[in-house]
Amino acid sequence: MSTNERAYHHGDLKDTLIRTSLKVISETGLNGFSVAKVAKQAGVSSGAPYRHFPDRESLLAATGIVFLKELTARIRAAIHAAGDDPIDRLASTAGAYVKYAIDHNVGFELFTAMRDAQYPEFHERSREMIGLLFSLVQETEPHASWSMIVKSMEAHLAMSQGFADMYNQGFFAQMKLTQEEVAERATAATRYLIKGRTMQ
């Protein structure tokens with residue numbers, strides 16, 4: 001056992017591994033994520049994470065739960081700050097999503113990676129976020145059918161993820177746009193999308 005491992009309390013190591021996992025993902029993307037990299041960055045032995053997480057998927061699921069909790073909290077804060085207008089409320093979530101996805105270099109690919117995994121809390125947190133967005137779309141299109149609301153939500157999420165991906169892949173670098181400016185563009189684009197759909 002390393003000196004660093006002895007310095008951690010039992011619960012601290014688990015939390016540290018999750019936080020370090022978020023950092024590794026932000027630096028390497030989801031494809032570069034591994035338990036070995038997390039252990040190295042956390043300063044513990046390669047076997048230390050397995051005391052809390054039996055495999056890569058369980059560590060990724062625990063990290064995803066924190067990701068979803070924080071992302072949903074960011075989205076709720078943006079909704080609250082946007083005021084009472086339903087379109088502004090929904091559009092604000094695009095900016096919140098983009099900023100968080102840029103910061104952590106991951107977004108809906110995390111959902112795809114965990115789609116078939118059996119981690120109830122991860123899926124519960126996922127449903128919580130999706131349910132929140134669904135209710136916001138419903139506010140903007142109160143007479144829309146369930147399938148129309150789903151299509152609107154898909155378009156909204158695709159646009160949000162697209163802006164985050166474009167930033168992370170360097171598309172906006174030549175324009176020297178900040179994360180905040182890209183988030184504002186995503187919000188504005190989403191507002192146009194919503195208004196276009198509500199006018200149909």
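Met166 lies in helix 8 (residues 146-168), where helices are DSSP runs of H or I with at least four residues, strands are runs of E with at least two, and both are numbered from the N terminus. The model is predicted, so local features need pLDDT of at least 70 and side-chain atom pairs count only at pLDDT 80 or more, while totals for chains, interfaces and linings use all residues. Residues are numbered from 1 along each chain as its sequence is written, and side-chain values use heavy atoms, leaving out hydrogens and water.

**Overall fold**
- The protein chain contains nine helices and zero strands.
- Its C-alpha trace spans about 65 × 40 × 30 Å along the principal axes.
- Of the 200 residues in the protein chain, 44% are buried; buried means under 20% relative accessible area, exposed means over 50%, and partly exposed lies in between (1.4 Å probe, protein chains only).

**Met166 and the surface patch**
- Met166 counts as partly exposed because its relative accessibility is 31%.
- Together with Phe171 and Met175, Met166 makes a nonpolar surface patch of about 260 Å².
- Patch residues have over 30% relative accessible area and no salt bridge; like charges are joined within 9 Å, and nonpolar side chains (Val, Leu, Ile, Met, Phe, Trp, Tyr) within 5 Å.
- Accessible areas come from the Shrake-Rupley method with a 1.4 Å probe, and for residues only the protein chains shown count as cover.

**Thr72 in helix 4**
- Thr72 is found in helix 4 (residues 56-82) and counts as buried because its relative accessibility is 3%.
- The side chain of Thr72 reaches the backbone oxygen of Leu68 at 2.8 Å.
- Leaving aside residues up to four places away in sequence, Thr72 touches Glu128, Met129 and Leu132, a contact being heavy atoms within 4.5 Å.

**Salt bridges**
- Side chains of opposite charge can pair when their charged atoms come close.
- The structure holds nine salt bridges, each defined as a side-chain nitrogen of Lys or Arg within 4 Å of a carboxyl oxygen of Asp or Glu.
- Lys69 forms one with Glu121, their closest N and O atoms being 3.8 Å apart; this pair links Lys69 in helix 4 to Glu121 in helix 7 (residues 120-140), 52 residues apart.
- Arg76 and Glu128 meet in a salt bridge at 3.4 Å, N to O. Arg76 lies in helix 4 and Glu128 in helix 7, so the pair ties together parts that are 52 residues apart in sequence.
- Arg76, Arg125 and Glu128 are linked in a network of salt bridges.

Methods: A polar contact is a pair of N or O atoms within 3.5 Å; within protein, one must be able to donate a hydrogen and the other to accept it, and residues adjacent in sequence count only if both atoms are side-chain atoms.
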